[in-house]
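Have the sequence and the 3D view ready, and look up each place as you read.

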Amino acid sequence: MTPEEKYDLFDRYCTQQLTINDQKRLDRLVKEDTAFAKEFRLYQDLHLHIEVSSTSEKEQKALENNLKHIGDNFFSKRKEEVKQSHKDITKQPKVIRIPRWTYAIAASVAIIIGVYFLTPSDPVYKDFVDIPELSLTERSGGEVYIKKAEEAFNERKYDVAADNLFALLQKDINNSEYQFYYGISLLELNRYPEAKSVFQKLYQGDSLFKYKALWFEALAELKQKKYSRCRILLKKLPKTAEDYQNAQKLLDKL
Amino acid sequence: MSNSKLHSDQKYIEALLKNDTRLLVEIYEKFVPKVVGYIKKNNGDESKAQDIVQETLMTIYKQAKENRLQLSCPFDAYFFLLCKRKWLNELKKLSGKEVTINEEVVSIDDESVRFADETEIFNAKHELFTEMFNLLGNACKELLKMTFTIKSMEEVALKLGKSYGYVRKKKSLCIGQLTKLVQNAPKYNQIQDLL
């Protein structure tokens, strides 16, 4: 048998195009010739290897990206926990006996603080942010991520909400509602660059969340005390936008 | 891979195949802390651990995709063992010599060791196949990729401006050439010895 005939036989086996006679011939050769049998097995392995590598390239890339995202989240959460536990350790309670004369100083400090807060100061994020409730369940059926995302978001557990909304986006990448609440979760987690890119994408689109996203992008800048950027974004809000009045109030303070 | 009863942790293998975020997050939460602890105790850090975990999960996915991995042992021990071995290889590469490591007692049953061995052999073969495939001429590589992505040989023939008979023959000869390249690679015999 020439190499051409041999590989043709192997290939027709792999693509299920053998005749009954060819099959008998192949079975006989595999039984009688160990080297032939080994080469046949390797040919099948390689055939499968090339097939899977060529057809699942996109799927593999998607999994790689998803694992990277999950890994990044998981490891950054761990870092936060370690930082927190260090803080807790250093925060040892101390009992201090306070001399009487310090009461007088404390009273003066209280007056100074009072005066400070009564004078106008820079506006802050928490005075302007009003996070809407997330309600997806009734509209979208009983999917487990939806329930978890909704519960976590409304309980202000934004890390869990972000994970579940991200999972939902994997299945429905263009869903503007998922995108919007994912953006808010990221903003609440201080993941500014990611939040910003979510809000920008929504603003560039034509969904119901177009101007809500712009308002939240402005709030993201406010939260970072980037007042001039915040101002530029606020000025883009049209009069018809739901948050137009809030934007004007904020602009007055900036 | 095995005739034993399928373990309920097969769900994690399916999660990799389906890119199911919920279960993938669960893998990180349930199984990764132990791996991180081990790597940190043995000259590594969190960022190295993240790479090892990601590479190991991708290896498991590739094996599941090609060989239908059917787990009959807990995912925990199997996954830990794979990460641990990968990390040891990494340390060897970095130091260029055998490494002394801080061994800890982890209960690992024979079945998990067997599965981890098979995955490691699969991975070594997979890497060798990819390496040898890249040694093929461009004409072979292109033709093979086309025949597997387009499926219809007639269409491939049309695209290449060749006859159907030529494309069929060329395909089998290219894989034949690859078979020879793999058989002649010293690494292949080492892998065969492990089987």
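B:Asn19 is buried in this predicted model, because 20 other C-beta atoms lie within 10 Å of its own. The word "buried" is used here for a residue with 20 or more other C-beta atoms within 10 Å of its own, "exposed" for one with 12 or fewer, and "partly exposed" for one in between, with C-beta atoms placed from the backbone. Look for B:Asn19 in the loop between helix H1 (10–18) and H2 of chain B. Its backbone has a positive phi of about 55 degrees, although B:Asn19 is not a glycine. Most residues other than glycine have a negative phi.

A word on how to read the model. Residues are numbered from 1 along each chain as its sequence is written, and chains are lettered from A and ligands numbered from 1 in the order in which they are written. Since this is a predicted model, local features need pLDDT of at least 70 and side-chain atom pairs count only at pLDDT 80 or more, while totals for chains, interfaces and linings use all residues.

Phi of A:Arg156 is near 60 degrees, and A:Arg156 is a residue other than glycine. A:Arg156 sits in the loop between H8 and H9 of chain A. Is A:Arg156 buried or exposed? A:Arg156 is exposed, because 10 other C-beta atoms lie within 10 Å.

Back in chain B, B:Tyr38 belongs to helix H2 (residues 21–41). B:Tyr38 is buried, with 21 other C-beta atoms within 10 Å. From B:Tyr38 to B:Ala49 there are 11 residues in sequence and 9.0 Å in space, C-alpha to C-alpha.

| Residue | Other C-beta atoms within 10 Å | Class |
|---|---|---|
| B:Asn19 | 20 C-beta atoms | buried |
| A:Arg156 | 10 C-beta atoms | exposed |
| B:Tyr38 | 21 C-beta atoms | buried |

Now step back to the whole chains. Chain B has nine helices and zero strands; here helices (H or I, at least four residues) and strands (E, at least two) are DSSP runs, numbered from the N terminus. Of the 195 residues of chain B, 33% count as buried. Two residues are in contact if their C-beta atoms, placed from the backbone, lie within 7 Å. In chain B, 74% of the contacts with a separation of 6 or more join residues 24 or more positions apart. The mean pLDDT of chain B is 88, and 90% of its residues reach 70 or more; pLDDT is the predictor's confidence in each residue, from 0 to 100.

Chain A is built from 14 helices and zero strands. Its 254 residues include 26% that are buried. Among contacts in chain A between residues at least 6 apart in sequence, 38% join residues at least 24 apart.

For a pair of helices inside chain A, find H11 (residues 192–204) and H12 (residues 210–223). Their axes come within 8 Å and cross at roughly 155 degrees; axes are lines fitted to C-alpha atoms, for helices over the stretch in contact, and angles run from 0 to 180 degrees between N-to-C directions. That makes H11(A) roughly antiparallel to H12(A). Angles under 35 degrees count as roughly parallel, over 145 as roughly antiparallel, 65 to 115 as roughly perpendicular and the rest as oblique. Residues that make this contact include A:Phe199 of H11(A) and A:Phe216 of H12(A). The contact divides into nine nonpolar, one polar and three charged residues. Ala, Val, Leu, Ile, Met, Phe, Trp, Tyr, Cys and Pro count as nonpolar, Asp, Glu, Lys and Arg as charged, and the others, Gly among them, as polar.

Finally, where do the two chains meet? The contact takes 36 residues from chain A and 34 residues from chain B. On the side of chain A that touches chain B, the largest share, 12 residues, comes from H3(A). That side divides into 19 nonpolar, eight polar and nine charged residues.

The axes of H3(A) and helix H6 (residues 138–150) of chain B come within 9 Å and cross at roughly 70 degrees. H3(A) and H6(B) are therefore roughly perpendicular to each other. Among the residues in this contact are A:Ile50 of H3(A) and B:Phe148 of H6(B). The model scores ipTM 0.86 and pTM 0.60.
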